[in-house]
Amino acid sequence: MGLDDKIKNAAEDIAGKAKEAFGKGTDNERLEAEGHADQSKANVKQAGENVKDAFK
């Protein structure tokens, strides 16, 4: 996978962190959970990218 995918994963992680922080700040548990889930998805995708890169 290319650099574009890595950038998208990083952006998704940052957006998830922002969403989680906003959820904490507004005491919105659903938004906080969504942010955490977004971060987790980005981390899983990034791990997959790292595995693919290792076998190149």
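The exercises below, each with a worked solution, concern a predicted model of one chain.

Residues are numbered from 1 along each chain as its sequence is written. Because the model is predicted, local features need pLDDT of at least 70 and side-chain atom pairs count only at pLDDT 80 or more, while totals for chains, interfaces and linings use all residues, and side-chain values use heavy atoms, with hydrogens and water left out.

**Exercise 1.** Determine how many helices and strands the chain has, and where D27 lies.

Start with the elements, which are DSSP runs numbered from the N terminus, helices being H or I with at least four residues and strands being E with at least two. The chain has 2 helices and 0 strands.

**Exercise 2.** Describe the phi of D27 and decide whether D27 is buried or exposed.

Take the backbone first: the phi of D27 is near 60°, which is positive although the residue is not glycine. Most residues other than glycine have a negative phi. Then turn to accessibility, where buried means under 20% relative accessible area, exposed over 50%, and partly exposed in between (1.4 Å probe, protein chains only). D27 counts as exposed because its relative accessibility is 68%.

**Exercise 3.** Describe the extent of the chain and its share of buried residues.

Along the principal axes, the C-alpha atoms fill a box of roughly 45 × 15 × 10 Å. Finally, consider burial: of the 56 residues in the chain, 21% are buried.
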